[in-house]
Amino acid sequence: MNRIFKAFPLSFRHACGCFLALFFLLFSLLPASAANGWDKDTLVYAWSSNVGPLNPHAYGANKMFAQALIYEPLVQYAEGGKIVPWLAESWTISPDGKVYTFNLRKDVKFSDGTPFTADAVVKNFDAVHMNIKRHDWLATADLIDSYKAVGPHTFELVLKQPYAAALQELSLVRPLRFLSPAAMPEDGNTAQSIKAPVGTGPWVLAESRKGEFDRFVRNDNYWGEKPQMRQLVVKVIPDAETRAVALESGEVDLIATAIADHGSAGVNPDAYAALSKDPAYATRESSPRNTRLLAMNTALFPTNELAVRQAIVRAIDRPSIIKGVLLGQEAPAEELLAKDIPFCDVALKPYPHSLEEAAAILDKAGWKLKSGEKFRTRDGKTLRLELKFIANESIMRSIAEVVQSNLARIGVDVKLMGEEPNAFGASQTDGAFNMIFCESNGAPYDPFSYVAAMRVAGHADYQAQRGLPQKKELDAAITKALATTDTKELQNLFTSILTMLHEEAVYVPVSRTIDKALFKKKNIKDFAFSPVSYELPLARISRP
């Protein structure tokens, strides 16, 4: 091509060069709607994968931020932890704390035109109850004694016992949100599939192309505040660097993380830092969301040994991770759950970063570093472990490399294992790990829903804790905490739970995560995060 171009006269080539320069200049000034191929009434948002089948009663491939676009709760979690009316306009709680009576809005329809009634609520609770073993991580679901429609727009829920966090859990993105009865299978069992993702929310799924995008359109019959833009396209871009390029080129309008979905929509910290200095871009950050953690398997060699775990916690240079990998964009964490979370202000002695202390602990435990050897041995076994992370998550990979380097300095051999997201999730739930990345759940899960799930085998926290000699004692304390509303007793129980986990060094707290957003000022008027990480308020976004 270059040789063909050189065959033309110099004046012609100069004119073409000027034309191309002008073309690219004008292209860079185009609004995103022109650059990305969609009209100006379409918001294009980048995510790492397709959003999944969007079953409101399922997990796995169903992305939470997208479920929240379609499905709504009875009550909503608002700023400051306040519970506010949503599909239920009001409610009452019986004096014994077990009976909840919800008065439903009368002006709500599913996007297919089906009225939202108490019978529709009952059918959704039936679907959840049919598969209660899948949902028993959620204390409210597990504590349901009965439920019924006591009128066309009145729903009664009876719990087996009082539960302090029942309303918070009814606000969660899944599984207690509502699918149109017309979109349910004939037997009402949504465990395997649904006919279509039909909810009462502000968006309707219109099209999905695997590996390309998912397209949502505005629900013009929505009962609440309708989306500012007519259409939302969730463009599939797996790689963080490619997402940054797509934002710069105008291929996408918005990059915003959702930590609840492993933050699989952001850019690398260095790209975020660079673009945040560019006056053409705007950045937005959430309040701290949850705790970024490394969980250690207490049932699998060699992390089943307390001395090994205590040495690892001390050897990992968390301040360097905060500074070098996260570029100071997240605050350091010393505990499993932040002290500003209810009942979590517990006096725990931090583990200092000290290679000397870590090495001394291993020496005392009989793990010796022989002269000329790189890694410690004991009884013919090498001190070797696996650290698993999501392969295309650059932050996880970078942190994992720091951990590998840190632990090598005390004679621990770390094998890094990057996995695709579904395999990574399976490793978490099956306990096939020595160390693995995870997070606390953030609001409104923490602390009740988060610790409740620690008792359920399908969670990384359970798998990490199952080798503890006091696991039964730990689970009993959690169960007791779920059964009381007395604040003094709750504080004592959470103090016991958090102290036990801290002293057993089950987790390496790394940082307090935040959600981050990037957009060009010429394309988006503004953006603000919601109080919960799994809900992105994309309906509020408009053009300047």
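Let's start in a loop: proline 447 sits between β19 and α16. Helices here are DSSP runs of H or I with at least four residues, strands are E runs of at least two, and both are numbered from the N terminus. Before I go on, a word on what we're looking at. This is a predicted model, where local features need pLDDT of at least 70, side-chain atom pairs count only at pLDDT 80 or more, and totals for chains, interfaces and linings use all residues. Residues are numbered from 1 along each chain as its sequence is written, and side-chain values use heavy atoms, with hydrogens and water left out.

Okay, back to that loop. Proline 447 is joined to aspartate 446 by a cis peptide bond, with omega about 0 degrees. Proline 444 is in the loop between β19 and α16 (448–453) as well, and a cis peptide bond links it to alanine 443, with omega about -5 degrees. You'll find leucine 327 in the loop between α12 (318–325) and β14. For background, most residues other than glycine have a negative phi, and most peptide bonds are trans.

Now let's zoom out. How is the protein chain divided? We get domain 1 (38–71 + 201–280 + 521–543), domain 2 (72–183) and domain 3 (288–513), with the bounds coming from an automatic or database domain assignment. The contact between domain 1 and domain 2 takes 20 residues from domain 1 and 25 residues from domain 2, where contact means heavy atoms within 4.5 Å. Taken over C-alpha atoms, the centres of those two domains are 27 Å apart.

On to the sheets. There's an open one of four strands, in the order β4-β5-β7-β6, and the pairing is antiparallel. To count as paired, two strands need at least two bridges between them according to DSSP. Which strands stand at the edges? They're β4 (88–93) and β6 (144–151), each with a single partner strand, so one side of each has no neighbour in the sheet. Neighbouring strands in this sheet are turned by 20 degrees against each other on average, ignoring direction.

Look at the β4 end. Five bridges join β4 to β5 (residues 99–104), and the two run antiparallel. Threonine 92 has threonine 101 of β5 as its bridge partner, while tryptophan 91 is bridged to phenylalanine 102 in β5. The two strands make a hairpin with five residues between them, and glycine 97 in the turn has a positive phi of about 75 degrees. Then there's helix α5 (residues 118–130), which lies across β5, β6 and β7 (154–159) and runs at about 160 degrees to β6. Those angles go from 0 to 180 degrees between N-to-C directions, and axes are lines fitted to C-alpha atoms, for helices over the stretch in contact.

The other sheet is open too, with six strands in the order β14-β20-β13-β19-β17-β18 and mixed pairing. Leucine 294 is bridged to valine 508 in β20. Helix α15 (residues 421–430) lies across β17 (384–390), β18 and β19 (435–439), at about 100 degrees to β19.

Last, two helix pairs. The axes of α18 (residues 471–482) and α19 (residues 487–503) come within 9 Å and cross at roughly 155 degrees. That makes α18 roughly antiparallel to α19; the label applies to angles over 145, with under 35 roughly parallel, 65 to 115 roughly perpendicular and the rest oblique. The contact includes Leu474 and Ile478 of α18, and Leu493 and Phe494 of α19. Its residues split into 10 nonpolar, no polar and three charged. Nonpolar covers Ala, Val, Leu, Ile, Met, Phe, Trp, Tyr, Cys and Pro, charged means Asp, Glu, Lys and Arg, and the others, Gly among them, are polar.

The second pair is α11 (residues 306–315) and α13 (residues 355–364), packed at about 170 degrees with their axes 8 Å apart. They're therefore roughly antiparallel to each other. Among the residues in contact are Val308 and Arg314 of α11, and Glu357 and Ile361 of α13. By class, that contact has eight nonpolar, one polar and two charged residues.
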